[in-house]
Amino acid sequence: MLSEQELQRYQRQMMMFDKEGQEQLKTSRVFIAGGGGLGCPIALYLAVAGVGCIDIADRDVVERTNLNRQVLHWEKDIGKPKVLSIEEKIREINPDINVIGRHVTITAENVLELVKDADIIVDALDNFSARYLLNRAALQTGIPLVHGGIRGFDGQVLTVIPGKTACLNCVFPHAAPEEVFPVIGVTPGIIGILQANEVLKCLLRMGEPLEGRLLVWDGLNAKMDTFTVKRRNNCEACGDITPS
């Protein structure tokens, strides 16, 4: 399944998980919700790792205020749909993979259709109303969800395994207010790379994903901690799902 070009490209990582692991990545499909500060590094590092299909959805166009942190969007891309900007860069970075850009708003009506073919869903959004839609879609389809969130120098990562771990609503039962929040560019870079790392571990079945653990990053003090999180029996999203 791997061409000679791909065997050369992935030589160093196949030292860890062999050709079979690389073929597993090539046959995988990841849905990324959001093409901004988190979505850019996630898409970038999944692409260079050789994930075969990167499916990304975002409704916005590139603005100059995005350029301090959204590293796949450049000055020349201002006014362009973010998914088109990302699609163009990823195709240049790795022509051996497929990238699908969807210039859409994620809604209750289309979320299941958007995620249905994915092996993993990635939350790279900046608002909880859409995050809760992704969470419910993950629970309904049984597809794992990797959540990431940022603010200022701080961020968090959580991996949700439907029917097994705490879901997003268990951990965050009340949505944070929607606002334009401060952020420094390195924060989504760090959190996005951690999310990409979670995706690769899940696809390759290596290591210990953040299942039932919330990772919290304190950038100003360079501290990273994890906290155990458990399912809530009265969770409005997953409380009626039988544990697997």
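## How H3 meets H8

In this predicted model, H3 and H8 cross in a right-handed way. Helix H3 covers residues 39-49 and helix H8 covers residues 186-204; their axes come within 8 Å, with a crossing angle of roughly 40°. That angle makes H3 oblique to H8, because the roughly parallel label stops at angles under 35 degrees and the roughly perpendicular one starts at 65.

Who touches whom here? On the H3 side you'll find Pro41, Ile42, Tyr45, Leu46 and Ala49. On the H8 side there are Pro188, Gly189, Gly192, Ile193, Gln195, Ala196, Val199 and Leu200. Sort that contact by class and you get 10 nonpolar residues, 3 polar ones and no charged ones.

## H2 against H8

H8 has a crossing with helix H2 (residues 11-26) too, and here the axes come within 9 Å at an angle of roughly 110°. That puts H2 roughly perpendicular to H8. The H2 residues doing the touching are Phe17, Gly21, Gln24 and Leu25, and they meet Leu200, Leu203 and Leu204 of H8. The class count for H2 with H8 is 5 nonpolar, 2 polar and no charged residues.

## H3 against H4

Now go back to H3 and look at its crossing with helix H4 (residues 82-93). The two axes come within 10 Å and cross at roughly 25°, which makes H3 roughly parallel to H4. As for handedness, H3 passes H4 in a right-handed crossing.

From H3, the contact uses Cys40, Ala43, Leu44, Ala47 and Val48; from H4, it uses Ile86, Ile90 and Ile93. What classes of residue make up this contact? There are 8 nonpolar residues, with no polar and no charged ones.

Aromatic rings come next: the structure holds 2 aromatic pairs. For phenylalanine 128 and tyrosine 132, the ring centres are 5.6 Å apart and the planes sit at 55°, so this pair counts as tilted. The label follows because edge-to-face needs planes over 60 degrees apart and stacked needs under 30.

Both residues belong to helix H6 (residues 128-141), and since phenylalanine 128 and tyrosine 132 are 4 residues apart there, about one helical turn separates them. Buried or exposed? Phenylalanine 128 is buried, and tyrosine 132 is too.

Threonine 187 sits in helix H8. Its relative accessible area is 1%, so threonine 187 is buried. Skip its neighbours within four places in sequence, and the contacts of threonine 187 are Ile150, Gly152, Phe153, Asp154 and Gly155.

Glutamate 179, on the other hand, is found in the loop between helix H7 (168-171) and H8. With a relative accessible area of 43%, glutamate 179 is partly exposed. How far is glutamate 179 from aspartate 126, in sequence and in space? They are 53 residues apart in sequence, and 9.2 Å apart in space, going C-alpha to C-alpha.

How values were computed:
Residues are numbered from 1 along each chain as its sequence is written. This is a predicted model: local features need pLDDT of at least 70, side-chain atom pairs count only at pLDDT 80 or more; totals for chains, interfaces and linings use all residues. Side-chain values use heavy atoms; hydrogens and water are left out. Axes are lines fitted to C-alpha atoms, for helices over the stretch in contact, and angles run from 0 to 180 degrees between N-to-C directions. Helices (H or I, at least four residues) and strands (E, at least two) are DSSP runs, numbered from the N terminus. Angles under 35 degrees count as roughly parallel, over 145 as roughly antiparallel, 65 to 115 as roughly perpendicular and the rest as oblique. A crossing is left-handed if the near helix is turned anticlockwise from the far one by less than a right angle, and right-handed if clockwise. Contact means heavy atoms within 4.5 Å. Ala, Val, Leu, Ile, Met, Phe, Trp, Tyr, Cys and Pro count as nonpolar, Asp, Glu, Lys and Arg as charged, and the others, Gly among them, as polar. Rings of Phe, Tyr and Trp (its six-membered ring) pair if their centres lie within 6.5 Å; planes under 30 degrees apart count as stacked, over 60 as edge-to-face and the rest as tilted. Buried means under 20% relative accessible area, exposed over 50%, partly exposed in between (1.4 Å probe, protein chains only).
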